[in-house]
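Dear colleague,

Please find the structure below. My notes on its aromatic rings and backbone follow it.

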Amino acid sequence: KVVVQHQGTLLTPHQVAVARATTMLGRTATNDIRHIRFLITFATFFFFNINSYNSINVRGAMFVASFPRAFSRGIFKSSNSDTMRIQLSRQLLIRRPFATTTAKTTGTTTATSTDAATSTTTAIHSSSNAHDDDDDDATEHIKSYTFQATGRSTVTTTQTVNTNFTITTDIPKSMGGTNTAPQPVELLLASWMGCTQATAIFVGRHMAPQRLLIDRLEFIDITATRDQRGAIGLPLQTPPVTVSRLQRIEGTIRVHAKRGKPVPVEQMEVLKEQTEVRCPVANMILASGCDMDVEWVDGNSASQ
């Protein structure tokens, strides 16, 4: 049965249904492609900027602010949409360090009105001088340590270039060594105690409003443990069943203030916390995942 005439052609109901379905499918496919393009651009932007610190706020606001104008100009529909999207993405995906200032960059971006890519580039360059100043300031405070060492069999002799000292390490005979010097891990723990001592003196001297003048620290029953399978597990082709680093350090640190004065609990807590944060060796050990179960107590009170 003929029910429709289209451009001089008579269409049956079946043909009409097919034509309508084809049209709807074409529109749906076109919309899907636009949605996919939009999602890819949006997801790519956030994926590459997730680690670019607070500068993501500026670029995120710039990116979203460009949406109304982008749709009004039809850049997601026109033949130049891919070119526009690539140009915009290249500028938005520039990774910059923390020196980018949100307030300053936003102001610069708002001042330029037409091209999103140009405005972003201008904003980023405006903060480059501040970033260079931060790098110069950080370089001034870098402390370096230089060594020369020679190892023969299990014995290693190390020369400290900065302070001109000689350090020798060895391992026990049971481990294939000659037992002529402390083990490297023992020196690591000795370094931790020496660094803790020096750092605690510094922290106590700079406490405010009441300084804590320390006479001495006593490290009592310090014990460190590790799982040997992490270092000597065989065969080599099989990954170790556990880590080789130190897993736990425990013991007691007795703090003796000068003139036999007691150390208040609040000061002891600050002393422990700040020393562990500021001591380079303790900070490195804690960062490795080692459990530092060391109790800090008032040595003067304990001796009474």
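At a relative accessibility of 72%, Ser153 counts as exposed (over 50% relative accessible area is exposed, under 20% is buried, and in between is partly exposed, with a 1.4 Å probe and protein chains only). Please note that this is a predicted model, in which local features need pLDDT of at least 70, side-chain atom pairs count only at pLDDT 80 or more, and totals for chains, interfaces and linings use all residues. Residues are numbered from 1 along each chain as its sequence is written, and side-chain values use heavy atoms, with hydrogens and water left out.

Ser153 sits in the loop between β3 (147–152) and β4 (155–160); helices (H or I, at least four residues) and strands (E, at least two) are DSSP runs, numbered from the N terminus. Although Ser153 is not a glycine, its phi is positive, about 60°. Asp221, in strand β6, is likewise not a glycine and has a positive phi of about 50°. Asp221 is exposed, at 63%.

Most residues other than glycine have a negative phi, and most peptide bonds are trans. The bond from Ala208 to Pro209 is cis, with omega near 5°, and Pro209 is in the loop between α7 and β6. Leu234 and Pro235 are also joined by a cis peptide bond, with omega about 0°.

The structure holds one aromatic pair (rings of Phe, Tyr and Trp, the latter by its six-membered ring, with centres within 6.5 Å; planes under 30 degrees apart are stacked, over 60 edge-to-face, the rest tilted). The ring centres of Trp192 and Phe219 are 6.0 Å apart and their planes are at 70°, so the pair is edge-to-face.

Yours sincerely
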